[in-house]
Amino acid sequence: MEAIYDGRSLPLGGPQQRAVLALLLAQAGQVVSTERIIAQLWGDDAPATARALVQGCVAGLRRVLHAGGEECLISRPPGYLVRGELDVDRFEQLVAAAEQAEPEHAARLLRQALQLWRGPAYDGVVVDVCTAEAARLAERRLTAVDRRIEVDLRLGRHAEVIAELGDLVREHPLREGLWAHLMTALHRAGRRAEALDAYRRIRSALVDELGVEPGAALREVHREVLKGGSVPRESRSPVPAQLPAAAAGFTGRAEHLRTLDALLDDAEPGVLPVVVICGSAGVGKTSLAVRWAHTVRERFPGGQLHVDLRGYATTPPLRPLEALTGFLTALGLPAERIPAGVDEAAAVYRSLLAGREVLVVLDNARSAEQVRPLLPGGPAGMVVVTSRDALGGLVAEYGAVPLGLDVLAPGEAAVLLTRVLGPNRTSAEPAAVTALAELCARLPLALRIAAANLATSPRRTVAGYVAELEAGNRLGGLAVRSDDRLAVRTAFDLSYADLPERAREVFRGFGIVPGVDLTADDAGDLLDIARADAGRLLARLAAVHLVDEHADGRYRCHDLLRLYAAERAEAEDPAGVRDGAVARLLASYVQRTRAAGDLLAPHMLRLAGEVPGHFVGPAAFDEPAALAWLEAERHNLVLAVQHAAASGPRRLALLLADALRCYFHLRRYTGDWLAVATVALDAARQDGDLAGQAAARHSLGTAHRSVGEHRDALRHYLIGLRLARQCGWQEHEATALGNIGIVCRKLGRLTLAARRLDHALQIDRRLHRRAGEANNLSLYADVLLEMGRLADAGEQFTAALKLNAELGSRHGEALAHTGLAQVHRELGRYDEAREHLDSAMDRYTQVGDRDGVAVTHCGLAALECALGRSGPARDQAAAGLLLAGETGDRETEAIARNALGDADVLAGDHPGAAGHYRLARALAAETRSLRPECAALLGLAVATPDRLAAEDLARQALGIAETARLEVVVGLAHSTLAGVYRVGGQSRLADRHERAAAASRATSGHRVHAPVGHDRSSQPTGG
C-alpha cells in the first residue's frame, strides 16, 4: 500500500495508522463508521481509548495526505471516507476498455493495467476486510494476465509468452486456463513434445490432488496437439518498417524525449495520441522524431509508417492521396485495390490499421488539412507530426499535443560539433568551437553544415572558419557547397515564401530594429499599422516559427533568422522606408518612457523636446504597468539609445536617455545607466546641444552618486550647472544646485549644502516649479537633520510631504516619510516613526524604488533595536543588505551592515557585530559617507573588548562629527566615550562626556543614547 504525490511516496506512519488507511481504501468512496474501524482493528478486545486512537490515526493521515495537496480523507458522520485517484480504479478502467478493443489495442491496454501492480495488495495489513479485498484483487489481476496472454496468442506472440507461462503454472499449478495457454504456445512454437508433456503434468496434478480429470477446454487443446497442429493462429498482413535512419551525432533534447515517452505511456484509453513537433527551419524536428521513433519501435508490433509530406520543400507538397497510396502499399494492399479518391483511400487505411499498434510519423507537414486524412481511426497506435507550423487545427480537433523545439543549449551545441568533428579537433580550439556555435545561433542545421564544411576540409582550423563567417556573408557561409538543399538560407527561404506580404513586412522589421524583441505595440509603430493587426501578424509568424513568443506578447528570433530578416529588408525595402520605420519606433519609445517616468517620479526634470509622429502603443499607465513595461523593455531601450546616437536621429537618443534617468534611478541598473548617459553626452557634443549636454551630465552625476562615487558626481553636476546657465535653462540650474547640495551633505559640508539648496528653492519658487520645490524641500530638510535641527527638519519634511501629496508624487511622498521617520525616531517617538516608515515602504514599493525599499528596511531595523527587539531588527537589516547588494549602492550597504551590527550588539554577539561594523566602515570610507562611517566607528567602540581601542574609535567618530557638524552623532559619540570611561573606572572623564552628550541632546532634541549604525536622513533623488 502506497500513497504517491508529484512522483514521491508519502510516509503513511506505523502499522495501526496504515491499517486505518487500508480499511478506508478497501471501501473507498463509502463512509466507514468509527465503530466498524474499531471492530476491524481490535474486535472484542478494543481498549477504552479506541475512539481516540482512531481519531489520532486519522489526524496523522490527514497531515500526510493533505501535505500532498489534496483533501482526500474526509470526516462524514458516522465516520470517515477516502476519495482520490486510486490505481485500482485505473486498473479496472483499462481492463474494461480492453474488452471493447481490437486485439492489438487490447494487449496494450492490458499491459498498462498490469504495470500498475507493484506487489501484493494490502501487504502486511492483517484486517479481515482488507484480507478479503486483497484476495479479490489478486484474482482480478490473474484474470487480466490470463486475458492478456490470450490476446497475445491471437496476435501470434507465442514465443514471447512461453517463459512467462512457465512461471505462472508453477505459481498456480491447478489453473487449467494457464496450462491451456502454455500448451498452445509450445505447440505453435514447434515444441509439440513439450506441449504434450505439459498436458501429462497438469492431468497428473488434477487426478492426484483433486481426483478429477482435466476440463473440456484443456482436453480440446490436447486433442488438437495430438492431431498435429490445428491450433491455428491468425494470418497477418505485412509489418511495415519505414523509419529512415536516425541522424548520427544526435545531441540534447532529453526533456523532449521524456515528454514523448510520457505521451505514449500515459495515453488516455480509447484516444489516439497525436503529437506535433514544431519549430523553426533547421531546429531538428525530423531528427528528434526519427530518433525517438527508433527507441520505441518495439512497442509498435504493427509496424512503423513514415512519409515526408514536403510541406516546406523546393518541390510541391505531397498530396494526401499520394501519401495514402504509399501507406496502403506498405500495408500489403495490391495497387488495383487502392481507391482513386482521398476519402475512400483514407477509409481503407483506417480499416487496415484498426486494432493494430502502428507508429505513424508524418514529417514536414504544411497544414492540418494535409494531415487529417492520414490519421488512423482507432486508438491503438500513435501519430508523430513534424511541422514549422503549430497546426492548431489538430490541437483543437484531435487533442494533439504541441511540442515546441528551440535552438540547442550552449553545451549541447558544442557536443554536436564534437561528435561530428571528433574530440581531438574541438578540444584543440575550445574557444573557437564556442564562437562557432554562437555564430550558428546553436541551430542544429547550421551546426551540422558548419561541421560538415570543416570535416571535409581537415586542414582548415575552426578559428579560421569562424573568422570567415564573422567577416563575410554568414548565411552564405553556412551552406554545403556540393548540396544546394543543405543551406541555412534555403531553409529560411521556404518559410518566408509561404507568408502573406504583410507578415513578410513584419518579419523584415526584426532585421532593422535595434532591440532584442518586439511587441504588437512596437510592430504597429514600426509599420504604422493598428495594434490588433500587428498582433495577428506576429502570431502568424510565431505559428510558423519564424519568430518565438518567448514571453507573453513579446516576440524575438534567433541570430540567423535576424540576419535573414535584415537581408530581406535590405533587398526589398528602400533605405528611406527602413529609416522611417525605425524612427517611428524610437519616437514611440521616447513617448512611452516619458509617460512611465512622469507617473513614477513626476518631480524629476525632463529635457524639453517634442516627439513627432503618431503612435499605436499605449502612452498611459498605472504605476505597476509603467514599471512592468520599463522592466520588459529595458534592453531594447538601451540599444535604442545607442542606435539613435550612432545612426540617428540623435535628438531621439538624447530624449530617450534623459527619459530613462528616472527608471535607472529607481531600479539602480547602474551599468546600463552610465552607458546610456555617456552615449547621450557624446551625441549632444556632436550636435553642439548645450541643454542635451547638461541633461547628460545630470544623469551621469546621479549615476555616480548612486554608487557612492561622490567626487565624480560633483564634477558632473558642476559642469551641468555651468552648461545650464550658458543656455538659460533655469529649471536645470535649480536641479543642479539641489544635486550639488546632496553631495555636499554626504561629504560633510553642511553649511555649503544648505546654501546651495536655499538658492535652488529660490529659483523653483520664482519659476513656480512646485515639483522642484517639493523635492528640494526634502533635500534641505535632510541637511537640517544632519545638523541636529530636528524640529526644523520635521517642519520642512512636513511641508514637502504636503506639496508632494498635492502634486500626486508618490515617490516624493516616500522621501518625505523616510525623513520624518528618522526625525521621530531620534526624538523617541517610535509609534510615529513606524507609521512613516510603513507609508514610505508602501510608496517605494509602488514605484519600484529598490534602494528606497532597502533604506526603509534599515530604518525599521533601527526602530526594532530602539525597542530592544534584536531578532526582528536582524531580519529587517538582512533584507536591506540583500537589496543593497543587488543595486550596488555601497552607502546603503554600509548602512545595512551597521544595522546588522546594532542587532548583534543587542543580542550580545559582540564578535559578530564587530565584523559587520568593520565592513561598514570600509564601505563608508570608500564612498566618503560620513554619518555611516561615524556609526561604524561608534559600533566598533561598543563591540571591542579592548578599552583603549574603544576610546580611540569613539574619539575618531567624535572628531569627524564635530568637523562636519553632525550634531546628533556628536551627542552619540560623547555618550559612547562616557560609557568607555565609566567601564574603565575614570568617572571624572565619564561625567564630562555625559554632560557634553546632554548638552548635544538639549540642542537637537534627540533622545538616542547609544550608537545607531543605520542612520541616514532619507534617500534623495535629486531632480
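Buried means under 20% relative accessible area, exposed means over 50%, and partly exposed is in between (1.4 Å probe, protein chains only). Keep that in mind for the views below, which come from a predicted model where local features need pLDDT of at least 70, side-chain atom pairs count only at pLDDT 80 or more, and totals for chains, interfaces and linings use all residues. Residues are numbered from 1 along each chain as its sequence is written, and side-chain values use heavy atoms, with hydrogens and water left out.

**View 1. Strand E9 is mostly covered.**
Strands (E, at least two residues) and helices (H or I, at least four) are DSSP runs, numbered from the N terminus. E9 spans residues 382-387, and six of its six residues are buried. Which residues point which way? Met382, Val384 and Thr386 point one way from E9, while Val383, Val385 and Ser387 point the other way, and all are buried.

**View 2. E9 pairs with E6 and with E8.**
Two strands count as paired if DSSP finds at least two bridges between them. Strand E6 (residues 274-278) lines up with E9 in the parallel sense over five bridges. Look for valine 274, whose bridge partner in E9 is valine 383. Strand E8 (residues 358-365) also pairs with E9 in the parallel sense, over five bridges. Here leucine 359 has methionine 382 of E9 as its bridge partner.

**View 3. Strand E7 runs parallel to E8.**
Six bridges join E7 to E8. Five of the six residues of E7 (residues 303-308) are buried, so the strand is largely enclosed by the rest of the structure.

**View 4. E3, E5 and E4 make an open sheet.**
The three strands come in the order E3-E5-E4, and the pairing is antiparallel. Strand E3 (32-33) and strand E4 (73-76) are the edge strands, as each pairs on one side only. E4 and strand E5 (residues 79-82) are joined by four bridges in the antiparallel sense. In E5, leucine 81 is the bridge partner of isoleucine 74. What holds such strands side by side? Strands of a sheet pair through backbone hydrogen bonds, either parallel or antiparallel.

**View 5. Arginine 157 meets glutamate 104 in a salt bridge.**
A salt bridge is a side-chain nitrogen of Lys or Arg within 4 Å of a carboxyl oxygen of Asp or Glu, and by this rule the count comes to 71 salt bridges. In this one, the closest N and O atoms are 2.9 Å apart. Arginine 157 lies in the loop between helix H6 (128-154) and helix H7 (158-171), and glutamate 104 lies in helix H5 (residues 103-115), so the pair ties together parts that are 53 residues apart in sequence. Both arginine 157 and glutamate 104 are buried.

**View 6. Glutamate 567 meets arginine 489 in a salt bridge.**
The closest N and O atoms sit 2.7 Å apart. Glutamate 567 belongs to helix H27 (residues 559-572) and arginine 489 to helix H23 (residues 488-497), so this pair ties together parts that are 78 residues apart in sequence. Buried or exposed? Glutamate 567 counts as partly exposed at 23% relative accessibility, and arginine 489 is partly exposed too, with a relative accessible area of 25%.

**View 7. Arginine 667 meets glutamate 631 in a salt bridge.**
The distance is 3.2 Å, N to O. Arginine 667 is in helix H30 (residues 650-667) and glutamate 631 in helix H29 (residues 623-647), so the pair ties together parts that are 36 residues apart in sequence. Arginine 667 is buried, with a relative accessible area of 14%, whereas glutamate 631 is partly exposed at 30%.

**View 8. Leu174, Leu210 and Val212 make a nonpolar surface patch.**
Patches are made of residues with over 30% relative accessible area and no salt bridge: like charges are joined within 9 Å, nonpolar side chains (Val, Leu, Ile, Met, Phe, Trp, Tyr) within 5 Å. This patch covers about 240 Å², with accessible areas from the Shrake-Rupley method and a 1.4 Å probe; for residues, only the protein chains shown count as cover. Leucine 210 is found in helix H9 (residues 192-210).
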